[in-house]
Every structure is written in C-alpha cells, then in structure tokens.
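Please look through the sequence and the 3D structure below before reading on.

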Amino acid sequence: MSSSDSISKTLKEIASKAESDIASRKAIDELEEWRIAYLGRKGKLTTILRSLGTLSQGERRSIGKQANTIKSQLENLFTSSRDKIRENEHFNKNKDFIDVTLPGKPLTIGRLHPITQVLKEINAAFSSMGFEVIEGPEVEWDKYNFEMLNIPRDHPARDMFDTLWIDYDDPKGKQSMLLRTHTSPMQVRTMEKMSPPIRVVVPGKVYRYEATDSTHEWHFSQVEGLAVDEGITFADLKGTLFEFARRIFGPSRKIQFRCDYFPFVEPGVDMSIDCFKCDGDGCKICKKTGWIEVMGAGMVHPKVLTGVNYDPEKYTGFAIGLGLERIAMLKYGIEDIRLFYSNDLRFLEQF
Ligand code: 2NL
C-alpha cells in the first residue's frame with residue numbers, strides 16, 4: 001500500500017472515530033476536549049496534514065482535498081453538537097420557565113343551543129315588526145299566572161295547566177306561589193305598569209307538572225307576544241303571524257287559522273302552516289294532513305283588559321303563544337323533545 005493510500009485510510013478512520021466519539025460528549029467542556037483532540041493545532045487531523053511532505057504533488061492535492069472535506073465535516077459536527085448542548089443546558093436551567101410566546105392550547109369554540117338559536121330568530125322577527133323583547137320571573141303568583149288571565153280559582157280552565165306549586169301559603173292560608181305555566185304573567189305585569197300602545201314579546205322558561213315523553217317536557221320554553229292599542233283587529237293578528245311564518249319557515253308558507261280555546265282570549269285560534277316538507281301533499285311531519293300546528297293565538301279577552309284597568313271599549317289587542325321546542329323540532333326534524341335537555345354533545349354539535 002502506498003503511503004498516500006495509508007494516509008487516506010487513516011483519515012477515514014479518524015473521521016469515523018471522531019463521529020462515534022462526539023456522541024458521548026454531553027457537556028461543553030467535554031466537547032471542547034473533543035475539538036482539541038481532532039481539530040486543534042496538535043490534533044489528529046492537523047498532525048496528518050503536517051506530514052504530507054513526503055508525498056508527490058498530485059498525492060498531496062488529493063489527500064489535501066480529502067482532509068479538508070473531513071475537516072469541514074467535523075467542524076459542522078462540532079457546531080451542531082455545541083448548539084444542541086447549549087439548548088439542553090438552557091432548558092435544564094429553566095425548567096420552570098414558561099415561554100409566553102408559544103401558541104396557546106386551541107380552545108374548543110362552543111355554539112348556541114338549538115333552542116337559543118331559534119329563540120334569537122323569533123325575537124329578531126318580532127323586533128323587526130316593532131315588538132320589544134322583555135323577560136320576567138319564573139316563580140310567579142297565582143294572581144299573575146291565573147287570576148288576571150281569566151282563570152279564577154277552582155275554575156275548570158285550570159286543568160289545562162298542570163301546575164308545579166311552591167310550598168308556600170299566603171296570609172289567607174292559600175297556596176299562591178308557583179312555577180309559571182306560561183310567560184303570560186309578565187305580559188300582565190307589563191300592562192299593569194304601562195299604558196297602550198303595547199307591543200311586547202316575552203320569551204322564557206315555563207313549567208308544567210307533566211309526565212315526560214317524546215313530545216312533552218315538564219320544563220320548556222315559550223315565546224308569547226302581545227299587542228294592545230286602539231283599533232287592533234284580528235286582521236293585525238293575521239298579518240303579523242303571516243309575516244312571522246314566512247320569516248321562520250320560508251317565503252312560500254301559507255297559514256291557516258282554526259277555532260281553539262284559551263281562557264285569556266276571545267276568540268281563540270290555533271295557527272297552522274302548510275307542510276314545508278311535502279308542500280301540503282301529506283307526510284310524516286304533518287301527519288298526512290298537509291298542515292302543521294305551530295301556535296295558539298287570539299284577541300285578548302275583555303276581562304283581561306279590565307283586570308289591568310284598560311277600557312275594553314277603547315282598547316283591543318291580540319296575543320300569541322308558541323312553544324320554542326316545537327318550532328325547533330319542526331325546523332330541524334327532531335323527533336324527541338328530551339334530546340334538547342339531555343346534554344348529549346353528539347346531538348348538540350349538529351347545530
Ligand atoms: C299556546 C297558546 C297563547 C296567549 C297565549 C295571552 C297573553 C295575555 C293575554 C291573552 Cl297577557 N293571551 N297569551 C294567547 C293565546 C294563546 O298560547 O298554546 N302556547 C304554547
């Protein structure tokens with residue numbers, strides 16, 4: 001083997017030794033020892049380069065080239081190891097350090113409950129027609145929930161509203177506090193406080209002492225609307241609800257009124273829309289009738305008006321009442337009311 005070949009072989013050995021050696025250097029001073037040993041003025045590589053005198057010019061050039069390549073490889077190895085060691089030392093020294101510039105954990109952005117979404121749409125529809133949105137207490141007096149709405153004590157009309165009573169007796173020894181069965185008491189309170197013209201919608205939770213099934217909950221949400229003024233007629237009721245139906249269920253909706261009974265209105269009606277699923281042909285949603293009942297309504301009963309000291313000869317009004325869950329079930333094709341309140345994300349995340 002020529003001396004040039006043996007030097008070349010030695011260079012390769014030095015390179016591979018340096019590489020395996022550097023892996024065990026975990027501290028800066030250890031790494032410095034490595035640098036001196038391989039790259040230093042008296043280091044292995046320099047020593048070889050100094051001994052090229054005996055070679056021919058051609059051999060010197062080729063060995064010199066190989067040696068320089070190895071040198072720069074080892075230098076790179078040195079810098080990257082040094083950076084890594086420094087980084088580790090920095091990290092170990094600052095274990096409790098919080099880097100506030102790091103991006104935060106992504107927050108899961110929530111969404112509005114489907115009932116809230118429908119409520120907002122309904123509020124917006126009525127607001128745009130001049131109604132004010134107000135809220136009232138969920139625990140009410142018999143007086144506001146029943147008596148002033150033309151539902152006297154011991155009257156059979158009370159059977160329509162299975163009531164959750166609060167365990168409280170008034171000074172006369174009568175049970176007089178309850179969980180409101182509709183949001184109408186707040187409308188009575190409003191009429192008591194203010195004079196016509198009145199245009200309000202009252203959304204909120206209501207309660208009924210009822211067994212739960214796919215279409216009944218013991219607590220649900222209602223929106224009631226009330227307009228009282230001089231000269232309000234059934235035509236105003238129809239116009240308002242027609243616009244409402246188109247806003248909530250689409251621009252081609254037809255509406256239909258039928259007689260119904262609610263103690264606080266006369267006449268009382270229920271309103272249906274033509275089925276948006278089958279366009280009136282008859283399907284599961286409309287129970288093959290082509291029509292879907294969406295709310296109750298009517299002209300405010302004169303007894304309700306006199307109860308709040310409004311002259312029924314001067315003022316008339318219309319009122320409407322709807323169940324939010326029912327509207328949401330129709331709108332989204334939901335078959336069980338209990339889904340709204342079981343907090344199952346698989347359900348809620350669909351909205
Ligand atoms: C229904 C029916 C209705 C009303 C609510 C009302 C309120 C006052 C005076 C007169 Cl202060 N009426 N509210 C009128 C008719 C129907 O609700 O089935 N709702 C779910």
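Around the ligand there are 16 residues, and those that come nearest are Gln222, Glu224, Phe264, Ala319 and Gly321; a residue is near a molecule if one of its heavy atoms lies within 4 Å of it. Before going further, note that this is a predicted model, in which local features need pLDDT of at least 70 and side-chain atom pairs count only at pLDDT 80 or more, while totals for chains, interfaces and linings use all residues. Residues are numbered from 1 along each chain as its sequence is written, and side-chain values use heavy atoms, with hydrogens and water left out.

A polar side-chain atom of Glu224 lies 2.7 Å from a nitrogen atom of the ligand, and a backbone N or O atom of Gly321 lies 3.2 Å from a nitrogen atom of the ligand. On its own the ligand has 490 Å² of accessible area, of which the protein covers 88%; such areas come from the Shrake-Rupley method with a 1.4 Å probe, and for residues only the protein chains shown count as cover.

Which parts of the chain supply at least two residues each of the shell around the ligand? They are α7 (184-193), β5 (219-230), β8 (291-300) and β9 (315-323), and β9 gives the most, with 5 residues. These names refer to DSSP runs numbered from the N terminus, where helices are H or I runs of at least four residues and strands are E runs of at least two. Sorted by class, the shell holds 9 nonpolar, 6 polar and 1 charged residues. In this sorting Ala, Val, Leu, Ile, Met, Phe, Trp, Tyr, Cys and Pro count as nonpolar, Asp, Glu, Lys and Arg as charged, and the others, Gly among them, as polar.

His219 is buried, with a relative accessible area of 11%, where buried means under 20% relative accessible area, exposed means over 50%, and partly exposed means in between, with a 1.4 Å probe and protein chains only. Although His219 and Arg208 are 11 residues apart in sequence, their C-alpha atoms are 6.3 Å apart in space.

We turn now to charged pairs. A salt bridge is a side-chain nitrogen of Lys or Arg within 4 Å of a carboxyl oxygen of Asp or Glu, and by this rule the count comes to 17 salt bridges. Asp21, Arg25 and Glu33 are linked in a network of such bridges: the closest N and O atoms are 3.1 Å apart between Asp21 and Arg25, and 3.6 Å apart between Glu33 and Arg25.

Another salt bridge joins Glu192 and Lys143, with 3.8 Å between the closest N and O atoms. Glu192 lies in helix α7 and Lys143 in helix α6 (residues 142-145), so this pair ties together parts that are 49 residues apart in sequence. Glu192 counts as partly exposed at 38% relative accessibility, and Lys143 counts as partly exposed at 37%.

How many disulfides does a search of the whole structure find? The search finds 0 disulfides, a disulfide being a pair of cysteine sulfur atoms within 2.5 Å. For Cys278 the closest cysteine sulfur is that of Cys275, 3.6 Å away, which is too far for a bond. For Cys286 the closest cysteine sulfur is in Cys278, also at 3.6 Å and too far for a bond. Cys278 counts as buried at 13% relative accessibility, and Cys286 counts as buried at 2%.

The backbone deserves a last look. Most residues other than glycine have a negative phi, and most peptide bonds are trans. A cis peptide bond, however, joins Pro196 and Pro197, with omega about 5°, and Pro197 sits in the loop between α7 and β4 (198-207). The peptide bond from Glu266 to Pro267 is cis too, with omega near -5°, and Pro267 is found in strand β7 (residues 265-274). Asp154, in the loop between α6 and β3 (177-179), has a positive phi near 65° and is exposed, with a relative accessible area of 77%. Asn343 has a positive phi near 55°; this residue lies in the loop between α10 (324-332) and α11 (345-348) and counts as exposed at 62% relative accessibility.

How values were computed
A polar contact is a pair of N or O atoms within 3.5 Å; within protein, one must be able to donate a hydrogen and the other to accept it, and residues adjacent in sequence count only if both atoms are side-chain atoms.
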